[in-house]
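Dear colleague,

Please find the structure below, handed over for your records.

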Amino acid sequence: MASGGKDSDRTLGYMTRKDTEVKLPRPTRVKNKTPAPVQITAEQILREARERQEAEIRPPKQKITDSTELSDYRLRRRKEFEDQIRRARWNIQVWVKYAQWEESQKDYARARSVWERAIEGDYRNHTLWLKYAEFEMKNKFVNSARNVWDRAVTLLPRVDQLWYKYIHMEEILGNIAGARQIFERWMDWSPDQQGWLSFIKFELRYNEIERARTIYERFVLCHPRVSAYIRYAKFEMKGGEVARCRGVYERATEKLADDEEAEQLFVAFAEFEERCKEVERARFIYKFALDHIPKGRAEDLYRKFVAFEKQYGDKEGIEDAIVGKRRFQYEDEVRKNPLNYDSWFDYVRLEESVGNKDRIREIYERAIANVPPADEKRYWQRYIYLWINYALYEEIENEDVERTRDVYRECLKLIPHNKFSFAKLWLLAAQFEIRQLNLTGARQILGNAIGQAPKDKIFKKYIEIELQLGNMNRCRKLYERYLEWSPENCYAWSKYAELERSLVETERARAIFELAISQPALDMPELLWKAYIDFEIAEGELERTRALYERLLDRTKHYKVWVSFAKFEASAAELEEDENEDEEQEEGVLEHKKDCIERARAIFDRANTYYKDSAPELKEERATLLEDWLNMETRFGNLGDVSIVRSKLPKKLKKRKQISREDGSTEYEEYIDYMYPEESQTTNLKILEAAYKWKKQKVAASEDD
């Protein structure tokens with residue numbers, strides 16, 4: 001048989017697989033695709049197909065006239081059913097149709113035999129039992145039906161539908177004792193809650209209250225759940241048994257206080273007491289529940305409690321309920337994410353509004369216990385304010401000095417100062433000690449801060465404190481420490497020199513400035529030089545000021561330095577006039593002013609020469625310099641000479657330059673360029689030179705011809 005190959009298949013008989021393939025007609029290619037003059041809709045096509053459809057061939061109706069034909073018909077039908085069963089014994093529908101056909105022929109013994117054979121093949125199929133029992137009941141075979149139901153619930157005790165149908169039949173027949181007995185048999189199997197509730201409803205239909213109460217007792221023992229106890233309590237309440245109802249609730253709270261559904265139990269208990277006008281009992285139940293149920297499962301409880309207090313409570317009770325609800329929300333937030341410090345801040349603010357000191361301290365202690373997981377400052381920036389607020393609360397609200405001091409001390413111990421620190425915390429701790437008139441403690445804190453984590457703020461505040469106390473020697477030492485730690489800090493140098501000048505220590509101030517400008521690196525040298533120059537001008541040392549400007553020009557040739565130097569020279573006449581007002585005569589003053597103007601003019605000229613010869617690319621700075629020079633000459637009035645500057649002013653030209661983009665395309669951008677007089681003369685000379693060269697070439701060519 002192996003030689004059959006791929007085409008051989010036992011299910012095909014004598015045919016091959018190729019013979020069974022459906023050959024579809026080859027689709028015709030439409031050459032003319034133009035629309036037909038008469039269009040046909042899909043509706044017309046369907047209508048025509050329906051009209052042309054042939055009539056359905058139905059077998060003729062057979063009329064049985066005598067018993068022989070009936071016997072033949074029954075034999076033929078039974079043979080068909082038996083054949084179907086032989087082919088598909090697992091098909092339940094075949095068995096059901098067979099049995100129902102026998103039933104229709106009034107042959108109940110054969111029908112019962114078919115049902116028995118079906119059940120023998122698949123007794124776990126409860127549908128067969130249901131249909132079998134319905135067959136017996138429909139034909140009023142009561143004992144047979146009881147027998148079927150009894151066998152069904154014995155074999156399939158976990159199928160509730162079988163029990164329900166069995167009990168329903170007995171109840172219809174009026175056999176109440178039998179139905180109760182069936183219920184008892186069912187309860188031995190500990191069914192779900194619905195089974196017990198059906199038993200209870202059955203007893204209540206016949207007004208058997210005590211029996212129902214007994215069943216409830218068994219029910220809550222079998223299913224010790226909140227819903228079971230609540231149903232039991234409602235049953236007792238409906239019967240007017242208030243004491244029994246309260247007893248049920250109390251038993252439930254003892255057994256199920258830690259259950260996940262305990263919230264529903266306490267709400268139902270409180271509402272029961274509320275209906276009984278026991279307001280204090282209900283309030284106590286709500287508070288007991290709020291203290292024992294986890295916050296995440298008490299949302300409905302809080303809502304009910306707030307509504308209860310609004311209805312029965314006074315102003316204090318209502319506020320307490322609202323605070324409790326918000327407290328629950330914050331507890332839920334900090335439980336989900338204890339490192340969310342904003343939630344802790346809100347929680348503390350809530351407790352501070354209530355005013356319970358012990359609870360406030362407890363929340364603060366819980367909050368500060370959540371130390372950030374990493375030693376990075378960005379994680380600590382919000383956390384550190386918990387400590388600050390805690391310390392301020394202890395100092396201001398509780399007026400507990402020692403506890404405040406302990407809070408600051410513990411916080412400063414906790415911070416890893418070798419990695420980062422917080423100047424604000426050091427300063428707050430020092431200011432607290434000053435408010436307590438403990439200067440030694442404040443100095444010790446600030447000294448530790450400078451030793452462990454020096455910062456600009458700490459130095460500035462420490463110096464300010466000592467300055468207010470009048471301890472100049474301490475200020476000098478602090479400035480020296482400040483500059484040892486940060487020698488490039490121009491602010492510190494300037495303030496140190498300013499301190500010495502305020503003490504009329506001119507030489508010390510000058511020495512400090514000299515030390516400062518000799519530093520190899522400075523963060524803002526222009527401010528330091530300006531402060532030094534202003535110092536010398538204020539002291540009236542004009543020659544020293546000029547020397548300083550010259551030294552500054554050796555370091556930088558920025559146009560602002562040139563302008564500042566020139567303005568200083570221009571204003572030098574007024575400075576000297578103020579000093580020697582009684583000694584100088586008017587004509588001498590005029591001559592001196594002219595000399596100062598000439599010096600200022602010479603500085604501007606030096607600057608212009610520098611930009612022209614040494615930095616020709618800085619055209620815009622040079623143009624700005626010349627504009628300042630022109631403005632100064634204008635301010636001089638009769639003594640000024642504007643023509644000197646105007647001959648040097650450049651022309652503004654609008655030009656375009658090509659710019660390449662990232663995508664490879666190009667565009668043009670306009671910009672302002674400056675052309676100075678010497679550049680225009682050079683351009684003219686180049687044009688003349690080119691013209692002369694062209695003329696010379698032309699003459700040489702004519703001579704050759």
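The axes of helix α6 (residues 126-138) and helix α7 (residues 142-155) come within 8 Å of each other and cross at roughly 165°. Axes here are lines fitted to C-alpha atoms, for helices over the stretch in contact, and angles run from 0 to 180 degrees between N-to-C directions. Angles under 35 degrees count as roughly parallel, over 145 as roughly antiparallel, 65 to 115 as roughly perpendicular and the rest as oblique; α6 and α7 are therefore roughly antiparallel to each other. Their crossing is left-handed, a term used if the near helix is turned anticlockwise from the far one by less than a right angle, with right-handed used if clockwise. On the α6 side, W129, L130, Y132, A133, E136 and M137 meet S144, A145, V148, W149, R151, A152 and L155 of α7, where contact means heavy atoms within 4.5 Å. Sorted by class, this contact of α6 with α7 has 10 nonpolar, one polar and two charged residues. Ala, Val, Leu, Ile, Met, Phe, Trp, Tyr, Cys and Pro count as nonpolar, Asp, Glu, Lys and Arg as charged, and the others, Gly among them, as polar.

This is a predicted model, in which local features need pLDDT of at least 70 and side-chain atom pairs count only at pLDDT 80 or more, while totals for chains, interfaces and linings use all residues. Residues are numbered from 1 along each chain as its sequence is written, and side-chain values use heavy atoms, with hydrogens and water left out.

A further helix pair is formed by α9 (residues 176-187) and α10 (residues 193-205), which pack at an angle of about 160° with their axes 11 Å apart. The crossing of α9 and α10 is left-handed. Residues making the contact include F183 and W186 of α9 and W196 and F199 of α10. By class, the contact of α9 with α10 has eight nonpolar, two polar and three charged residues.

As for the chain overall, the protein has 35 helices and two strands; helices (H or I, at least four residues) and strands (E, at least two) are DSSP runs, numbered from the N terminus. Buried residues make up 36% of its 705 residues, buried meaning under 20% relative accessible area, exposed over 50% and partly exposed in between (1.4 Å probe, protein chains only).

Finally, the cysteines. A search of the whole structure finds zero disulfides, a disulfide being a pair of cysteine sulfur atoms within 2.5 Å. C475 is buried, at a relative accessible area of 0%, whereas C222 counts as partly exposed at 26%.

With kind regards
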